[in-house]
Amino acid sequence: MHWTEEILQQLETHPMPPAGTYGGGGVHIINDSKTPSGRAHVGSLRGVLIHDAVYRALKAKGVSVRYRFGCDDYDPVDELPHGMKEHFQQYLGQPLCNTPAPPGSTATDMADHFITDFWSVFKDLGVGGEGGCEFYRMRDIYRSGQFNGAIDRILSSAERVREIYKQVSNADRPRGWLPFQAICEKCGRIGTVECTNYDAAAHTVEYHCRTDLVEWAKGCGNRGKVSALDGKGKLPWKLEWVAKWATFPVTVEGAGEDHNTKGGSRDVAAHCLKALYGREAPLNIPYGFILIGGRKMSSSKGLGVTAREMADFLPPEVLRYLMIRTRPKSQANFEPTEEALVKLFNELDRSHLKTFTDEKYPAAEKTSYLLSVVHEKDPAEAGAFFDCEFQLVLALVQMPHLDIYAEFARIKGSALSPIERSHLDRRIHAAKFFIANLSLPEERLTLQTTPPIGAKELSATQRAFCRVLSGRFSKCEWNGEAIQSAVFDAARLSPIDQPSAFLAFYRVLLDNTRGPKAGNFLAFLGRDSVVRLFGEVPWDAGIDEAAHLRATAGTLDDLKKFLTTGKPTPPTPVHGAVHVRSAGAGKVVEAHIVMLDGKEHLRRVRVDADQTAASVEAEVRCLLPTQLA
Ligand SMILES: [Zn+2]
């Protein structure tokens, strides 16, 4: 079962709150929010996309649902965004929405500056479907009085809230404490203000803007009395949660693992909602972080990777897939290496293909794919189409003389459709971004025109393999599949184990230890140059033919084993030729065997000092079916 199905099941028995200010009453309201105190880290997208997946799943079931996303911009400036210390220092403690935007920004204020950047990513990722999700800003909620009811109820029950803090999270608040912060009328700070004496009739609080309330900001010492309503102040965020849940009213809201501990903020908020409103908290979806591994991805120092930067790099469907495919509770991982990137794209492509071609493909896997589609309503986007393999895109963007679109049309066998072109465009962009900003030298391709110096270190057998390969290349059909087979043929005919063969292959072709899949990549290049390159592997640099023959020769038992084991049945030789060859001082017997499946093999048997070549040759012939030897 896909994890969204499990959430839907839980929701069936989850109590539905009565209608609130924003509707509800039979309509599910999914809520999430973000404090716009700096550029949003890419990890912030996990919750956004998990909520979006549940939103889509509910909609698909025909359930009435809305997805609201808030900007918590009445929170105080309590840290300085990286590199903007000078500008923001003086505003520490003020509400984010009352703080000017950094110089050069077109935003109305600091909160607007950062949330606009973050929300722009939602659109790219298709969050909230066609209309997008419903954005709201806490300044509007407070100032328009929409939280007045909740504020009055919470401040009138301050003593009860204080008890819950103690019971649930063992946090002591002084007698007379109010879960409220007014905006100081003198200095404009909110984070430094302590409130007392709620007058329930006049809805006022007394406040003190303290110099020593918090470490990160210093109040002005002012004292006063203001209304608690209409945006003159705010609830601390645990109670702000309660007010949102009760007022909107929220039925689903997940939280990151840091909030979900016993006695943690989510627990406190749930107890307060129960005590003050007699309601159950919205259905929680606890989710783990996303770990962006190792390599530094960010241009802006000290920030980690921002959501915007990641969305500028990865195609949106890939980013959605990355965040949604793992169960929310599991940590998602992403390492910006070539290997991890190729794996991620390949897994998405495989899931795409199977979703539309494999009837036995598990429903949960299909769901994961379909939730990754950006424009789910677009039938072209949400259907079967040809995916351009990312590893080849990576290779092709490094071969500027080639027409990427034409090459993929050739592999596909027909012209690319508009949807295929647009997906390829995104992949080209991601590949170029990776090469330019993130790749290590060994991840870049340098096509060799003559065997590189490094090829001198190849073993005698690896060189022999290159020679056989050059021969196979000169006569095989020049398309991806045939070329790929030719590499395996050459390995069997050397003979050489596949890892050593591919090491030699990538060393000669790219002066590297690995590269894109051989077949399709070589098909892009001209046959003549490839045949010449592998034919030119420096035989003059100490090649030892005798050493090669000896190194690849086994015992008679090895040959017997080769001919009698195999899955599901041993190979069936249909043709064989046996020769004796000199290998320096000694001799080897060579058997060239063609199997029923058409595959050619070469096997060598060594002639030991106490044997004669003729006797070994006779024994080899005995091992082959009589009609062949
Ligand atoms: Zn003040």
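Analyst: Happy to. Buried here means under 20% relative accessible area, with exposed being over 50% and partly exposed in between (1.4 Å probe, protein chains only). Strands (E, at least two residues) and helices (H or I, at least four) are DSSP runs, numbered from the N terminus.

Before going further, a word on the source: this is a predicted model, in which local features need pLDDT of at least 70 and side-chain atom pairs count only at pLDDT 80 or more, while totals for chains, interfaces and linings use all residues. Residues are numbered from 1 along each chain as its sequence is written, and side-chain values use heavy atoms, with hydrogens and water left out.

Now to the sheet. β1 belongs to an open sheet of three strands, in the order β1-β2-β3 and with parallel pairing. β1 (28-34) and β3 (134-137) are the edge strands; each has a single partner strand, so one side of each is left without a neighbour in the sheet. On average, neighbouring strands of this sheet are turned by 25° against each other, direction ignored. Such angles are taken between N-to-C directions and run from 0 to 180 degrees, with axes as lines fitted to C-alpha atoms, for helices over the stretch in contact.

Two strands pair if DSSP finds at least two bridges between them. Seven bridges join β1 and β2 in the parallel sense, and in β2 the bridge partner of Asn31 is Arg68. On to the next pairing: β2 (residues 65-71) is parallel to β3, with four bridges. There, Cys71 stands opposite Arg137 in β3.

Helix α4 (residues 110-125) packs on this sheet and touches β1, β2 and β3, where contact means heavy atoms within 4.5 Å. The direction of α4 makes about 145° with that of β2.

Let us stay with Cys71 for a moment. Cys71 counts as buried because its relative accessibility is 0%. A disulfide is a covalent bond between the sulfur atoms of two cysteines; here the test is a pair of cysteine sulfur atoms within 2.5 Å. The structure holds zero disulfides. For Cys71, the nearest cysteine sulfur is that of Cys97, 8.1 Å away.
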